[in-house]
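Open the model in your viewer and keep the selection tool at hand. The tour goes stop by stop.

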Amino acid sequence: MDISKTQFKEYCKCNRIYKLNDIFINKRRTNYDKDEVELLLSKMYDLDGNSRVVNKEDSVMDIYFKDVEMIALKEASRRLNKGFLYNLDTKKQTKVSFTDKDNTLYTYLDGYYEDENDIYIIEVKSTTSHKFLELNGGKLFINNNGVFIDKVCNNYSPDLVKKISNIHGDVGSYLFDIAITRFIVSNCNLNKKVHYYFSCLNSDYVFDGKYVNNLPHYYDGCSDVTCLFDVTNLLSCYDSIIGKLYNNILNNIKSFDIDKVSYNTLCKDCKYNFVCIDNYNDSDFIGCLIDKRNIYNLYNKGFKSILDLDRNSISSDKNIICYDSFNEEYINYDNIKKELENIKYPIYHLDFESFNCPLPRFYKETCFSQSCFQFSCHIEKARGVCDREKDHVSFVSCNYNDRRKEFVLKLIDTIDLTSGGTVLVYNEKFEITRMKELGDIFPEYKEKLDNIINHVYDLFKLIKNGNNINYYNKKMRGSFSIKTVLPCFSDLSYKNIDIHNGLGAIEAYGNFRYMDDLDIKDTTKKLEVYCGLDTYSMFVILNGLINKVLK
């Protein structure tokens with residue numbers, strides 16, 4: 001059996017995944033318990049045989065990650081003076097593998113260079129460098145002519161080893177990837193010294209706006225857009241675990257027993273979560289508690305529904321509100337009335353959309369900058385007076401080029417605060433931070449942008465202000481996002497439009513890079529509908545709350 005590095009990582013998350021994949025693909029042609037297979041298949045497929053399991057599709061961002069690989073390996077070739085082999089097509093990259101009895105473990109290498117005595121391997125990840133530079137209190141790596149060298153060299157503290165070897169953690173998950181590569185290579189008997197490097201994006205890099213042949217020129221003679229780490233010695237932190245994980249995977253493949261479900265943090269992003277976890281999509285699922293600190297223990301002890309709990313045993317005030325919401329929605333009338341005093345008319349219901357490109361595209365951007373390409377604004381002139389179409393103002397970048405100045409000019413022209421008013425947003429940190437960044441990029445408009453910032457009020461505070469919950473309905477399922485709050489006040493839905501969420505908006509704009517003018521025009525309309533629903537939802541929620549507390 002062939003096992004890719006990607007599959008290896010998946011199988012390390014849960015012993016059930018290999019078997020669920022087997023059942024999903026082969027259906028009843030398996031050797032597992034027939035009754036259990038039938039139960040799992042009834043969840044995986046509907047009565048017409050259509051799959052309920054959503055496989056991860058290729059993302060428009062994948063090509064942007066490939067851009068990072070290309071830039072990273074160019075910069076690594078210059079720093080190390082090695083001509084690293086690289087190919088945009090993963091299947092055409094250098095492949096290494098080893099066979100152990102009936103199983104072959106393999107991987108493709110992002111960057112590979114070999115000479116008479118040594119092999120150099122580079123793993124590239126589209127993440128930023130700060131979390132690696134902060135390891136060991138910032139004392140693990142030292143910059144040596146553009147390459148970060150491990151200056152501790154095997155004398156690692158227990159705390160560092162624990163952090164590195166946490167294969168699902170914010171640091172360990174990235175280094176685990178190249179550690180698996182090292183495990184494969186070490187079993188290949190290559191008889192050469194192998195050097196392992198990890199490349200990621202430079203957290204401190206700021207693009208100076210210089211282009212060559214219409215493409216960003218990232219090397220300014222002082223700093224690179226990527227950071228290169230020599231992790232040859234650091235990967236020894238995985239020596240005690242990777243062999244055990246590999247053997248566990250092989251034993252699991254051979255076994256026909258399906259492990260008991262253990263609900264944990266990794267289940268959230270698993271495509272089989274609703275298959276394994278009872279009640280997963282129900283409004284009363286135990287994972288829908290507001291205070292989620294104990295949800296895994298509760299489920300694994302048999303509490304699958306919030307209503308399975310004894311109300312008197314619930315220690316969290318938030319979860320008592322959640323429990324009681326199945327009888328009646330929760331409204332803190334006094335708090336909401338007090339917050340409403342901060343809102344003055346006209347109200348500009350405002351929402352931004354941004355594209356967090358891994359590599360900076362425009363002047364003063366950093367890696368993963370939230371580059372604004374769209375805003376929507378619904379203007380409520382007086383209480384309840386806002387026409388969904390006539391009182392809507394929208395801006396969408398007309399192409400993939402830098403349209404940030406046009407964004408700012410349209411925003412300033414739309415929001416007229418000369419006679420006062422309120423700029424209403426949902427989760428103010430995002431919009432305020434973007435406007436501060438735009439004020440730094442375009443200082444001539446900073447004063448006007450600051451004035452908009454000074455009139456911002458966060459609609460989120462009417463729902464939840466810090467630790468204080470002001471409004472809660474069981475339909476919210478433990479979430480306070482605008483998309484979960486909206487159904488409590490309206491039948492408006494994101495399900496009936498082409499772009500359903502922020503990720504969809506990011507991917508739509510990301511595709512502008514490859515679209516002609518006609519396709520961009522068509523996609524722009526879809527973006528306007530999506531973002532416009534966000535701001536009109538704010539109007540609906542605000543007035544829904546007003547009608548509840550001031551009736």
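Residues count as buried under 20% relative accessible area and as exposed over 50%. Keep those cut-offs in mind for the first stop. Note also that this is a predicted model.

**Stop 1: helix α13**

Select α13, residues 333-340. Which residues of α13 are buried? They are I336, E339 and L340. Look down the helix axis: these three cover an arc of only 100°, so they sit on the same side of α13. An α-helix has 3.6 residues a turn, so residues three or four places apart point the same way. Now turn to the face directed away from the buried side. There you find the exposed residues D334 and K338.

Next, show what covers the buried residues of α13. The cover includes the strands β12 (330-331), β17 (456-458), β18 (464-465) and β20 (471-472). It also includes the helices α17 (460-463) and α20 (517-549).

**Stop 2: E341**

Step on to the loop between α13 and β13 (347-355), where E341 is found. Is E341 buried or exposed? Its relative accessible area is 56%, and the cut-off for exposed is over 50%, so E341 is exposed. E341 and N81 are 260 residues apart in sequence. In space, their C-alpha atoms are 65 Å apart.

**Stop 3: the five-stranded sheet**

Select the strands in the order β15-β14-β13-β16-β17. They form an open sheet with mixed pairing. β15 (392-396) and β17 stand at the edges. Each has a single partner strand, so one side of each is left without a neighbour in the sheet. Neighbouring strands here are turned by 25° against each other on average, direction ignored.

Zoom in on β16 (residues 422-425) and β17. They pair in the parallel sense, over three bridges. Pick V423: its bridge partner in β17 is V456. β17 was also part of the cover at the first stop.

**Stop 4: the pair α15 and α16**

Select α15 (residues 428-441) and α16 (residues 446-454). The two helices pack at an angle of about 170°, with their axes 9 Å apart. An angle over 145 degrees counts as roughly antiparallel, so α15 is roughly antiparallel to α16. Their crossing is left-handed. Show side chains at the contact. From α15 come I432, M435, K436, L438 and G439. From α16, K446, L449, I452 and I453 meet them.

**Stop 5: the six-stranded sheet**

Move to the open sheet with the order β4-β5-β8-β11-β7-β6. Its six strands have mixed pairing. Which strands stand at the edges? They are β4 (111-114) and β6 (141-144). Each has a single partner strand, so one side of each lacks a neighbour in the sheet.

Now select β5 (residues 118-128) and β8 (residues 193-201). They run parallel and are joined by eight bridges. Pick I119 and find its bridge partner in β8, V194.

**Stop 6: N21**

Finish in helix α2 (residues 17-26), where N21 is found. Its relative accessible area is 19%, and the cut-off for buried is under 20%, so N21 is buried. What does N21 touch, leaving out residues up to four places away in sequence? Select Y11, K271 and Y272.

Conventions: Residues are numbered from 1 along each chain as its sequence is written. This is a predicted model: local features need pLDDT of at least 70, side-chain atom pairs count only at pLDDT 80 or more; totals for chains, interfaces and linings use all residues. Side-chain values use heavy atoms; hydrogens and water are left out. Two strands pair if DSSP finds at least two bridges between them. Helices (H or I, at least four residues) and strands (E, at least two) are DSSP runs, numbered from the N terminus. Buried means under 20% relative accessible area, exposed over 50%, partly exposed in between (1.4 Å probe, protein chains only). Contact means heavy atoms within 4.5 Å. The arc is that of the directions from the helix axis to the C-beta atoms. Axes are lines fitted to C-alpha atoms, for helices over the stretch in contact, and angles run from 0 to 180 degrees between N-to-C directions. Angles under 35 degrees count as roughly parallel, over 145 as roughly antiparallel, 65 to 115 as roughly perpendicular and the rest as oblique. A crossing is left-handed if the near helix is turned anticlockwise from the far one by less than a right angle, and right-handed if clockwise.
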